[in-house]
Amino acid sequence: MKSESAFIVLALCLSSSFIVCSKGASSNCSALGIFSSASNPEDKNASLVDGQSASTNHYSIAPYDDYNLCYYYTYDMVAHQLVQSSFVPSTSYFVHSGGNPSGLSTSSSFTSIGNNREFVSSTASYPFTSSLYCESDFRFYYSSYGEYVDRYYRGTTFFVNPYVAITAAHCVFFDASINGYDDSINDPIFTNYFAVNAYISGSFIWEYAQSVTIDSRYFSSQSMDFDWAVVRFSEPIGNYVGWYPVKANPLAAPNPIFVSDSVHTVGFPSDRGDQETLSEGSVTSLSSPFLNSNMYIVGGNSGGPILDSDGYAIGIVTRYYNDTHYGFGPMLDGENYSLLMR
């Protein structure tokens, strides 16, 4: 049982922030680079999306017209366009196999670091290449100084087919005007870019996503029930890094997940220098849509896969309890699985 003083923390890591425009400058000014390493993402010269005001987030979206449909929003980070779509959600059990098209090594080696965690030494081996270090850039207007600010957040994402990865919704849609910039308004925005550090042809390089998709209920309320996002790439990055097998609706599977079953995640926790880390534990409770565990989770693990003992992705790490660092997140279901396969 959690102590009454415990509270839930996002497993997202703030990398840095930087004021990018002086007062009166246009909204499409270039961001100033804050990275000294050439291996980090470059500024994409992204502008504020159409429909977003200087101080608050106002996207023009049509209201629901059929509550039997599931609505979701896709933000194209190249065209800076937001599109609403819908489909009939499914409650069926789905499964698809993993992929290692480039024939990466499957050998593994680890170094124990305590709290049932291990450094992944074999970062260029499958399936560890399928969990990727990711970065988002949230740009917002800081009204107190009349300037635009870029805030860079880092987390984890994982591939599930050649063109598609999954992460936490708060890694791509977030109210970054907090922690020193709070405007007392709940005004989340989409990230200007979403970059992943992918192992391609023998080296790690940064690749940029084409679009991100989130559930409309996360868009409207940031409900942690729907804290997942589908990330699409214009190039088949998964053919290089591989992808995890997936079980959607694991509670309905022929061999369903149970309390006390083993689970693990592979991510990039900030307390370990963002080095790829395996965190192991077991299921402590199942309360749809959440899978609760005793895996040790910190900032930077957000968006990582919750994997069962067979290595199937069954959920997404999104949060942890501050007193124990035990992590949890929503399970994959027929809704987000359908989006993955579209």
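Tutor: Strands here are DSSP runs of E, at least two residues long, numbered from the N terminus, and two strands pair if DSSP finds at least two bridges between them. Within that pairing, S211 is bridged to R232 of β16. Another partner is strand β3 (residues 70-76), which pairs with β15 in the antiparallel sense over 5 bridges; there, Y73 has I214 as its bridge partner.

A quick word on the source: this is a predicted model, where local features need pLDDT of at least 70, side-chain atom pairs count only at pLDDT 80 or more, and totals for chains, interfaces and linings use all residues. Residues are numbered from 1 along each chain as its sequence is written, and side-chain values use heavy atoms, leaving out hydrogens and water.

Now for burial, meaning under 20% relative accessible area with a 1.4 Å probe, protein chains only. In β15 (residues 211-215), 5 of the 5 residues are buried, so the strand is largely enclosed by the rest of the structure. Both faces are covered: S211, T213 and D215 are buried on one side, V212 and I214 on the other.

I214 also turns up in the largest nonpolar core, where I214, F159, F194 and F233 touch the most other members of the 52 residues. Such a core is a set of buried Ala, Val, Leu, Ile, Met, Phe, Trp, Tyr and Cys residues joined through side-chain atoms within 4.5 Å.

Technical notes. Buried < 20%, exposed > 50% of the residue type's maximum accessible area, 1.4 Å probe, protein only. Helix = DSSP H or I, 4+ residues; strand = E, 2+ residues; numbered from the N terminus.
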